[in-house]
Amino acid sequence: MLYINCPHCGMRSQNEFSYGGDASVKRPELNTEISDKEWDDFVYNRKSLRGKHLELWQHISGCRQWIKVERDTATHEIFRTFKADEEVA
Amino acid sequence: MQKYSIFNLVKNAFSNHENWDLAWKDPTPKEEYDVVIIGGGGHGLATAYYLAKEHNITKVAIIEKGWIGGGNVGRNTTIIRSNYMHDENGLFSEFGMDLWRKMSQDLNYNVMFSPRGIINLAHSDAQMNAYARRGNSMRLNGIDAVLLNREQVKEIIPMADFSENVRFPIFGGLMQPSAGTARHDAVAWGYARQADSMGVDIIQNCEVIGFDVSAGKINGIRTSRGNIKAKKVGLCVAGSTNILAEKLNMTLPIETHLLQACVSEPIKPVLDNVVTFGAGHFYVSQSDKGEMVMGGDLDGYNSYAQRGNLPTLQHVLTEGIAMMPFLSKLKMLRTWGGIMDMSMDGSPIIDKTHIEGLYLNCGWCYGGFKATPASGWTFAHTIAQDRVHELNAGYSLNRFSTGHLIDEKGLGTKTWIS
């Protein structure tokens, strides 16, 4: 069982959350020239890191907010959690 | 190579079976090979076998970080099927079914292929219509499919829950009678033994730490046991694909996720077929030892852990008990997990890459085991001829840019959603 520290609600079990994938993926800016390669990278291509991975989760059975979680994909250790709009240094 | 036969069995009995040849050797890596296959799993071993057998390329090495057959080929639920709707998947898998049927003779190794049939249960009228459509598509591709009504299903699996007042009543099901199971370790060992006998070097405990690429062409690999030159290199590493891709500065439409499976304590024969629950993701068959072999959803978040988490297992088995209530009486014997290369449309990739001499085989999602022979056969063809075969032409890497996705399950890019 993972325990995720929701920045809005505190420590909760993974059962309350749903996963939203890699949080480092950025949608290309609107109204700019975008190459097919940039769209591919946004829609399909993923680094799928082994180790520290910044990812989106939604506290679906809680506050329903999207949050960012920094987690190790090999050990499942959770290092930090952030609000969705927080910049991650 | 010693042939496995009744005569050799009797002959070796006189010397207490102490003089059998080793099934494969333990060579030290040579300086150079024509083809290096990275990954000694089912697909890698099959690729090496078909390179030697079909294309007469025997200066081949398989480089395996751990031991052969220790990854997903030893961790799956052994289901073999070709019940796909899309042509690319259907024709590819049905080609594989032919190889499965001949495999024990072909490899002189009993892979215990058991075509016991698979039944996908339907729990609504809409699902029955969808299965009728899929069954018709299968039959157009020469794959056997039978649409069963509720009574017919009840005759085959009377132990399932056929009461009226359940949340997901059984309306019927789609059956592929020629589908089945096989002994998964035997598949890896059978391919390994034959490949070895034809001159392939199976190099275990050898980790790839880098690639030697210059002017857009592959020249070799760097490993924990030294540098190896190679004219061609094939990647067959399933859940570790992204780790190697990073060393090649490639980003792929693949995410690595964890899939669990489990077996119950052994019980007397009760289930003759493979059965899948249609209102969720759960499948079950009974092994020759009597264990109920079960699996279902991914854990649901990126993972390289090779071990699972209990919430998903509980969720999957809840579906199992809804389908076959007697499963709740059984004790769990063993659970385990493997890391899946989940592609962004749920279908695999067998293709060349932008690097000359580098070939890619990945993206098998839930269905890697049953694809073992067809994957090896087509990957060997792609490597040997430096062009894809028509069977794997649809499994191209650039289909994600061109829009020619093979979205069998209609899940979009989040194939890990359950």
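B:Q306 sits in the loop of chain B that runs between strand 15 (292-302) and helix 8 (310-323). Helices (H or I, at least four residues) and strands (E, at least two) are DSSP runs, numbered from the N terminus. The model is predicted, so local features need pLDDT of at least 70 and side-chain atom pairs count only at pLDDT 80 or more, whereas totals for chains, interfaces and linings use all residues. Residues are numbered from 1 along each chain as its sequence is written, chains are lettered from A and ligands numbered from 1 in the order in which they are written, and side-chain values use heavy atoms, with hydrogens and water left out.

**Loop residues of chain B**

- The phi of B:Q306 is near 55 degrees, a positive value in a residue other than glycine.
- B:Q306 counts as partly exposed because its relative accessibility is 35%; buried means under 20% relative accessible area, exposed over 50%, and partly exposed in between (1.4 Å probe, protein chains only).
- B:A215, in the loop between strand 9 (208-214) and strand 10 (217-223) of chain B, has a positive phi of about 50 degrees although it is not a glycine.
- With a relative accessibility of 85%, B:A215 counts as exposed.
- B:P115 belongs to the loop between helix 3 (87-107) and strand 4 of chain B, and its relative accessible area of 48% makes B:P115 partly exposed.
- Leaving aside residues up to four places away in sequence, B:P115 touches B:P177, B:S178, B:A179 and B:G180; contact means heavy atoms within 4.5 Å.
- B:P115 and B:D407 are 292 residues apart along the chain, and their C-alpha atoms are separated by 27 Å.

- The buried residues in helix 4 of chain B are B:Q127, B:M128, B:Y131, B:R134, B:G135, B:S137 and B:M138.
- An α-helix has 3.6 residues a turn, so residues three or four places apart point the same way.
- Strand 4 (118-122), strand 5 (146-149) and strand 6 (172-176) of chain B are the elements against which the buried residues of helix 4 pack.
- After helix 4 of chain B comes B:G142, with a positive phi near 80 degrees.
- Helix 9 (residues 372-385) of chain B, with 14 residues, reaches 20 Å from its first C-alpha to its last, close to the 20 Å expected at 1.5 Å a residue.
- Helix 9 of chain B is largely enclosed by the rest of the structure, because twelve of its 14 residues are buried; among them are B:W377, B:F379, B:H381 and B:I383.
- B:D386 follows helix 9 of chain B and has a positive phi, near 55 degrees.

**Cavities and a pocket**

- The structure holds two cavities of 30 Å³ or more. On a 1 Å grid over the protein atoms alone, a cavity is a set of points where a 1.4 Å probe fits but cannot get out, a pocket is an open set with protein on both sides within 12 Å along at least five of seven lines, and lining residues have an atom within 4 Å of a point.
- The largest cavity contains about 50 Å³ of space; a volume is the space filled by probe spheres set on grid points, which are joined across faces, edges and corners.
- Strand 15 of chain B gives the most to the lining of the largest cavity, with four residues, while strand 12 (254-264), strand 15 and helix 8 of chain B each supply at least two.
- The second largest cavity has a volume of about 30 Å³, and its lining consists of B:M1, B:Q2, B:Y4, B:D21, B:L22, B:A23 and B:R193.
- The second largest pocket has a volume of about 440 Å³; of its 23 lining residues, B:T78, B:R183, B:H184, B:S287 and B:E291 lie nearest its centre.

**Strands 1 and 2 of chain A**

- Strand 1 (residues 3-6) of chain A has a covered face, formed by A:I4 and A:C6, and an uncovered one, formed by A:Y3 and A:N5.
- Strand 1 and strand 2 (residues 10-13) of chain A run antiparallel and are joined by four bridges; two strands pair if DSSP finds at least two bridges between them.
- A:Y3 has A:S13 of strand 2 of chain A as its bridge partner, and a hairpin connects the two strands through three residues.

Notes
The expected span of a helix is 1.5 Å times one less than its number of residues.
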